[in-house]
Amino acid sequence: MTEIRLLNSYDADYLRDESQMTGSAQTISFPETCGAVAEVVQRMAAAAIPVTIQGSRTGICGGAVPLSGHVMNLSKLNRCLSLRRIKSDYWLTVQAGVRIGDLKRQLERKQFDCVEWDEASQNALRELQAEDTLFWPPEPTEATATVGAVLATNARGICTHLYGDARWHVTQLRVIDGTGQELIVAKGVSLDRKNWSVSTEVPFLISPQHWGLPATAELLDLYLGSEGIYGIIVETTLCLRTKPREVWGLAFFFLNQDGLCRFAGRLVPAMCREGSAAVAAVEYIDRATLAQIMKLRTVSTKLQALPAVDERYSGMLYLEIHGSSEPDLEEIAGRLYELSAECGGDDEFSWALIGEGETEKIREFRHAAQESLNLALAQCRKREPRLLKLAADIAWPDHDLAEILAIYQQDAKENGLEIAIFGHVPDNRLHVNLLPRSYEEYCTGQRLVEQWSTRAIRANGFIFSEYGVGKIKKDLFVKMTEPVVLREMKKLKRVVDPKNVLNFGNRFG
C-alpha cells in the first residue's frame, strides 16, 4: 500500500509552483506505479478528498498548487518501461514523471535502466543502438518539466514550427480517472461514448471544435491539454524521430522594431527550406525581456557563454535550422543573413552557433527569458505579496507580428504598465508578461489580459495556447468560454470524476 503521510514544514515546496501561488494541503504521497496511483485515487474518492497532481511544479498558472486535501506528486513515477520497433519507427513507453532533460540524455546515450525490460524491448534497444540517434520533438526549454506535464498542457517547445505539438508524437496514454479506474487510450480511437470504460454514457452534444479541439479530434486529444481534470496521465508511449545530424542556431539583433517585424514577415516557406534542411524554430525576444536576461546573466555562468546584449537593441529573433546536409543549412543561413541585412539587422552583432552543443547555449538564453521574469516577480513580491504571475498566452493566427506587438505595447503604455514579450513567431504564440509594481497595477493588468482575450476570441484567436489555465486563470477561462461548452465539460467531469477530486480548482472549479 502506498504511503500517505501528513505534510510537515519540510514540504513547503509542494504547496507552490513557479506562479508564486501558495496553497495548502493535509497529506501527500509519491506513488511509483500506475497501480499505486489508482489505489490513492480510490481512497481519496471514497472520502471525497481533493487530489492535486504534481510533476516538477514548473507551471506558471497554479495548476499544481493544492487548495486543500491531498497532494499526489509523480516525481517517482520516472522510469522508461519498454521499447518497441514498429517497422522503421521506435515507440518508447515511459512513466509520466520522467523529466524532459533525463529523457533527452538517455536517448542521446542510447542507455536506459532496462534490467526489467522484456526480450522484445531488449532486442529493440540493440537495434536502436545501431541506428542514428533518436529524440522526442516536443522539447520545452524547461528541461526539468516532466513528460506528463508536457502532455497535460499539450506543450509544443520552441521547434513546433517544424515538428508540431505533442499530439503528433504520442501513440497511447494510460490514464487513471477520478474513480481510480484505468483507461488505455490509443491513437486512432474516436471521440465516442462507447470507448469509455465507465458505464455511464459520455454526453458529447457539441462538435470537438467548440472544445478547442481539432475537427479530427480523437479520444486521446481530450486528455492532451486538459490539465488532468478528466484523468491522470500515468504512462505514455512516445513516437521517437531520427535526430537531425546538423543543428544550427542563428540570432539576429535589430535596433528598430519595424525592421525586426519586416524580417519576420518575409520568412516565407521557400526561404526556410532547402533539401534536407528546414527552419525548426523562430523565437522573438523583446527589449524588456533582454534586459531581464542581462540582469540574470550577472550571476549565471551558463548565460556568460554568450556575449552581453546592449540595451539599445529593440529585440532579437532566434532561428534554429535542422537538417542532415551541411550545404543545405548553409544555403538557408545565407538567405537569412541577407534578409537580416535588408531589414536593418545589425551586421556587426549576430550569433551563429553550429552543432547541438553550441546551439544549446542559445537555448539556455531563450530559457532564461521565463526564468528571469519569474525572478523579477519574486523580487516584487517581497514588497507586495499579493502579486502572482500575470501573463497572456494568446495565439493570433490572423495577425502578423507587427500588429500583435502594436496591440500589446500601445495598451500597456496607455495603462501605465510595464510588459515583457517573447515567444513563437510562426504561429503567433507570444507570451506577454506583465510586470506590476503594485497591487493596483496588478488588478489593472488582470483587466488588460481580459481585454486582450476578448479581442483575440473575436479575431479567431486562442487565449490559452500553451501555459494552461490552472487556478490563476480560472475566472478568465469561465468568462471566456461559451456557456454551452462549460456545461458539456462539467457533464463529462461528472462522468469520469463523480466526486470531483481530480485537480480540484483547476479550470472551472
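## Buried cysteines

A residue is called buried when its relative accessible area is under 20%. In this predicted model, Cys 272 has a relative accessible area of 5% and is therefore buried. Cys 261 is also assigned to the buried class, because its relative accessible area is 11%.

A search of the whole structure finds 0 disulfides. Cys 261 accordingly takes part in none, and the cysteine sulfur nearest to that of Cys 261 belongs to Cys 343, at 10 Å. Cys 272 is likewise in no disulfide, its nearest cysteine sulfur being that of Cys 343, 13 Å away.

## Aromatic pairs

Across the whole structure, the search returns 16 aromatic pairs. One of these joins Phe 252 and Phe 263, whose ring centres lie 5.3 Å apart with the planes at 40 degrees, so the pair is classed as tilted. The two residues stand 11 positions apart in the chain and link distant parts of it, Phe 252 belonging to strand E12 (residues 246-254) and Phe 263 to helix H7 (residues 257-265). Phe 252 is buried, with a relative accessible area of 1%, and Phe 263 is buried as well, at 0%.

A further pair is formed by Tyr 408 and Trp 452, and here the ring centres are 4.7 Å apart while the planes meet at 80 degrees, so the arrangement is edge-to-face. This pair, too, links distant parts of the chain, since Tyr 408 lies in helix H12 (residues 401-414) and Trp 452 in helix H13 (residues 439-458), 44 residues apart. Tyr 408 is buried, with a relative accessible area of 0%, and Trp 452 counts as buried at 0% relative accessibility.

Ring pairs also connect several residues into a cluster, which contains Phe 253, Tyr 313, Phe 349, Trp 351 and Phe 365.

## Charges over rings

The charged end of Arg 167 sits over the ring of Trp 168, at 4.6 Å from the ring centre, and that of Arg 386 sits over the ring of Tyr 439, at 4.0 Å from the ring centre.

## The E5-E6 hairpin

Strand E5 (residues 80-86) and strand E6 (residues 89-95) run antiparallel and are joined by 6 bridges. Within this pairing, Arg 84 has Trp 91 in E6 as its bridge partner. The two strands form a hairpin with 2 residues between them, and in the turn Lys 87 adopts a positive phi of about 55 degrees.

Note on methods: Residues are numbered from 1 along each chain as its sequence is written. This is a predicted model: local features need pLDDT of at least 70, side-chain atom pairs count only at pLDDT 80 or more; totals for chains, interfaces and linings use all residues. Side-chain values use heavy atoms; hydrogens and water are left out. Two strands pair if DSSP finds at least two bridges between them. Helices (H or I, at least four residues) and strands (E, at least two) are DSSP runs, numbered from the N terminus. A disulfide is a pair of cysteine sulfur atoms within 2.5 Å. Buried means under 20% relative accessible area, exposed over 50%, partly exposed in between (1.4 Å probe, protein chains only). Rings of Phe, Tyr and Trp (its six-membered ring) pair if their centres lie within 6.5 Å; planes under 30 degrees apart count as stacked, over 60 as edge-to-face and the rest as tilted. A charge sits over a ring if NZ of Lys or CZ of Arg is within 6 Å of the ring centre and within 35 degrees of the ring normal.
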